[in-house]
Amino acid sequence: MSAAKISLRGVRKSFGTHSVLNGIDIDIAEGTVVSLIGPSGSGKSTLLRCINLLEPIDDGEILLDGIDISLPGFDANPVRRRIGMVFQNFNLFPHMSVQDNITLSPVRTLGVDKAIARTKAAELLERFGLADKVNAFPDQLSGGQQQRVAIIRALAIEPEVLLLDEITSSLDPELVGEVLDVVRELKTSGMTLVLATHEMGFARDISDLVCVLDGGHIIEQGLPGQVFSAPQSERAQQFLERIIRAGRL
Amino acid sequence: MRKLTISLAVTGTLLLAACGGSSSSSDTTAAAGAGTGNECTAGKTLTADTLTIGTGNPAYSPWVENDKPESKEGFEAAVAYAVAAELGFGDAAVKWVRTGFDEAVQPGKKNFDFNLQQFSINDERKKTVSFSASYYSTNQAVVALAGSPAIGATTVADLKDVKFGAQAGTTSLEFITNVIKPTAEPFAYDDNAGAKAALEAKQIDAIVVDLPTAFYIAAVELTGASVVGQFPASASTTPDNFGLVFDLDNPLVSCVDTALAALKDAGTLAAIEKTWLSDKTNAPVIAVS
Amino acid sequence: MGTITGRRAAYERARKRRSTVVATVSSLAVVTAIVVLVPKMPRWDRVHESFFNGERFANSLPRLLDAFVLDIKIFAWSMPAIVALALLVAITRNSRSAALFPLRILTIAYTDIMRGVPIILWIYLIGFGVPGLGIDRPWNSPLIWGSVALVLTYASYIAEVFRAGIESVHESQRAAARSLGLSSWQTMRHVVLPQAIRRVIPPLMNDMVSLQKDVALVSLIGPIEILRQAGIDKSKFANFTPYIAAAAVFLLITIPLTRTTDWLIERERRRTTGTRIS
């Protein structure tokens with residue numbers, strides 16, 4: 001078995017007395033799509049933020065290509081150039097144009113020449129249907145457009161892995177589709193994706209591995225077909241029943 | 001019973017009248033505490049039977065000693081009480097108020113009958129206040145610390161490159177600008193305390209003040225300071241004659257002028273000058289032309 | 001944004017016409033009232049003579065303008081120093097690294113102490129006190145140390161303004177920037193500070209206008225700038241018109257500056273944002 005791109009072993013994380021992650025073990029293989037689903041507060045977002053070192057973990061280890069990146073004092077900046085993140089609320093920089101949002105990191109952290117960075121940005125925008133928005137400002141775009149720009153911004157530094165933290169949860173239903181299309185395209189191009197999501201149908205369609213989180217534990221892990229149709233743990237069953245009843249699956 | 005009361009009352013009133021009567025005579029020698037003015041001053045003072053005199057806050061030596069004009073110590077304190085006595089006011093009838101230098105010569109109603117703070121009589125001030133006759137005249141002088149470029153100056157030309165400081169709004173500052181005309185613009189301060197601090201910080205080379213103040217600064221207030229020299233009275237267009245400051249067109253002025261004349265004739269003013277300012281007139285003269 | 005057409009256009013036009021008329025009429029009424037009624041007040045002559053004397057105004061103005069050059073100079077060299085120091089203090093105060101802890105304590109002490117004492121006291125203490133320690137000319141100049149007092153005091157206030165701006169930038173902006181691999185300093189410089197500063201421009205302008213006048217405090221330790229010159233003229237001629245003239249000179253400078261800044265802010269806002277709710 002080839003070594004996983006990212007491995008989590010016994011990861012624990014607490015905020016004060018509230019423990020959010022209680023021993024997480026996952027292997028994320030390169031080029032695969034892993035979905036994290038589960039009720040609110042189950043630790044999905046926190047887990048993603050631990051993987052790209054925005055949050056330090058209290059116990060356990062996180063291995064990237066076999067190297068433990070969770071060691072205290074490990075230089076996080078290079079890690080974050082390899083593991084990108086897209087947020088639920090887009091978090092575009094409002095004082096910069098779309099083009100500047102996208103080129104900021106390549107120019108400043110990778111030393112890419114500004115003109116080249118702009119060309120690359122234009123290509124990405126073209127690829128995702130936003131070529132005419134290159135000089136627009138975030139406040140002038142719709143939610144779906146902003147999220148697509150956020151994804152492009154994360155792609156501009158050519159990460160190996162992309163973490164997507166509930167990226168459609170803030171969008172109107174009719175705009176969700178355009179963002180999910182982008183994610184599909186990323187999968188097709190072979191990118192390693194880890195997504196926390198409430199879009200169950202999408203997760204079932206696109207994932208190679210589904211993990212169900214509850215109370216900081218992974219209570220169910222497996223292929224989408226198996227997890228969604230025949231969950232083994234009782235808690236997972238209850239959760240999925242609720243989802244189906246709400247018409248979300 | 002009623003008769004006794006009436007007679008007591010009558011006797012009491014007569015006694016009071018007798019007492020009041022004797023002190024309102026034209027006896028002008030200061031029986032301490034007894035006098036409340038003479039016929040001239042009647043009705044012309046701010047408060048009846050009281051002479052309200054204004055001076056600076058604080059009031060400096062040698063004009064007022066220890067900032068206590070009531071002690072009668074200091075040249076101006078002594079002059080004030082001499083004038084008061086000449087006008088028939090006993091010591092107890094003299095009341096002091098403090099004002100800023102500037103506010104005393106600005107237009108507007110005053111809270112004093114007259115004010116003395118080394119005010120030089122000049123035409124501009126006469127537009128807004130009235131002055132008595134001069135009670136003292138002096139010259140402008142230069143004070144500097146040892147090692148200052150001003151030391152040893154004998155002519156105005158020697159002072160051209162000196163950095164001067166003086167109190168704003170005074171004839172001293174004007175003297176610098178109009179007579180000395182140094183190449184560097186002088187610094188101005190709210191009061192002489194600021195000028196002294198600047199001198200000690202070597203931000204200025206010399207201060208211009210009236211001669212008695214100069215001596216006091218050099219002798220008492222600043223170590224290592226000396227009076228470089230004094231300018232002749234002819235140097236400035238308005239030599240420094242100190243006058244008492246009154247409300248514009250105050251009728252009290254003529255009473256005070258009479259008193260001052262009497263004091264001059266009797267030699268009282270000269271005696272006061274000798275007591276408080278005697279050894280403070282010997283400074284070399286700095287030639288102006 | 002596109003042109004307005006149709007029935008809303010007509011309505012907007014009529015509304016605009018109406019508000020222009022109302023504005024003009026009310027302005028004219030106020031101005032007329034002032035010009036006609038004020039001179040009718042009982043002691044207007046005296047006030048006119050004391051405060052609005054044409055001859056005194058013309059006589060003092062050249063001297064005042066000459067002295068004002070000093071105020072401009074003090075402002076010109078103090079302002080950049082204040083902004084630089086304030087930014088340094090604000091960023092240090094906001095830093096999260098443990099190594100900078102002693103510096104953070106220092107910045108807290110600095111802002112507390114400088115803001116806790118009236119500026120006039122600092123002008124005297126630093127303007128006279130420091131040179132009094134024995135510095136030679138020209139380094140003991142009251143212009144230098146008076147400006148130092150102004151810079152230290154104002155930077156402590158403006159540091160707090162910057163700090164408020166920095167803290168008002170949502171944490172998620174930092175999260176996004178760091179996730180892109182930007183370092184702590186790059187995040188501050190490219191993402192947080194630009195947003196922080198834009199947000200606090202109004203209070204910053206406030207303090208700037210304040211400084212334009214507080215430069216006059218340097219006159220307490222000697223230099224004859226416009227306010228001192230006005231005071232000297234006032235004493236000499238026993239007339240307050242020089243102060244009115246000085247006020248006019250100040251307004252001549254401060255008003256255009258504040259109007260220009262507002263215009264710049266508005267231009268920036270139009271450039272970057274979408275709709276505006278009326």
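## Crossing of α3(C) and α4(C)

In this predicted model, helices α3(C) and α4(C) cross with left-handed geometry. Helix α3 of chain C spans residues 54–94 and helix α4 of chain C spans residues 101–116. Their axes come within 8 Å and cross at roughly 130 degrees. An angle over 145 would count as roughly antiparallel and one of 65 to 115 as roughly perpendicular, so α3(C) is oblique to α4(C).

From α3(C), the residues in the contact are Val89(C), Thr92(C) and Arg93(C). On the α4(C) side they meet Leu103(C), Arg104(C), Thr107(C), Tyr110(C) and Thr111(C). By class, this helix pair brings together 3 nonpolar, 3 polar and 2 charged residues.

## Contact between chains C and B

Chain C contributes 20 residues to the contact and chain B contributes 23 residues. On the side of chain C that touches chain B, α5 (119–132) and α10 (226–237) each supply at least two residues. The largest share of that side comes from α10(C), with 6 residues.

Sorted by class, the residues of chain C that touch chain B comprise 10 nonpolar, 6 polar and 4 charged.

## Confidence in chain B

Chain B has a mean pLDDT of 85. A pLDDT of 70 or more is reached by 86% of its residues.

Residues 16–33 of chain B have pLDDT below 50. Beyond near neighbours in sequence, this stretch has 16 contacts in the model. Where pLDDT is low, predicted coordinates should not be read in detail.

Methods:
Residues are numbered from 1 along each chain as its sequence is written. Chains are lettered from A and ligands numbered from 1 in the order in which they are written. This is a predicted model: local features need pLDDT of at least 70, side-chain atom pairs count only at pLDDT 80 or more; totals for chains, interfaces and linings use all residues. pLDDT is the predictor's confidence in each residue, from 0 to 100. Two residues are in contact if their C-beta atoms, placed from the backbone, lie within 7 Å. Axes are lines fitted to C-alpha atoms, for helices over the stretch in contact, and angles run from 0 to 180 degrees between N-to-C directions. Helices (H or I, at least four residues) and strands (E, at least two) are DSSP runs, numbered from the N terminus. Angles under 35 degrees count as roughly parallel, over 145 as roughly antiparallel, 65 to 115 as roughly perpendicular and the rest as oblique. A crossing is left-handed if the near helix is turned anticlockwise from the far one by less than a right angle, and right-handed if clockwise. Ala, Val, Leu, Ile, Met, Phe, Trp, Tyr, Cys and Pro count as nonpolar, Asp, Glu, Lys and Arg as charged, and the others, Gly among them, as polar.
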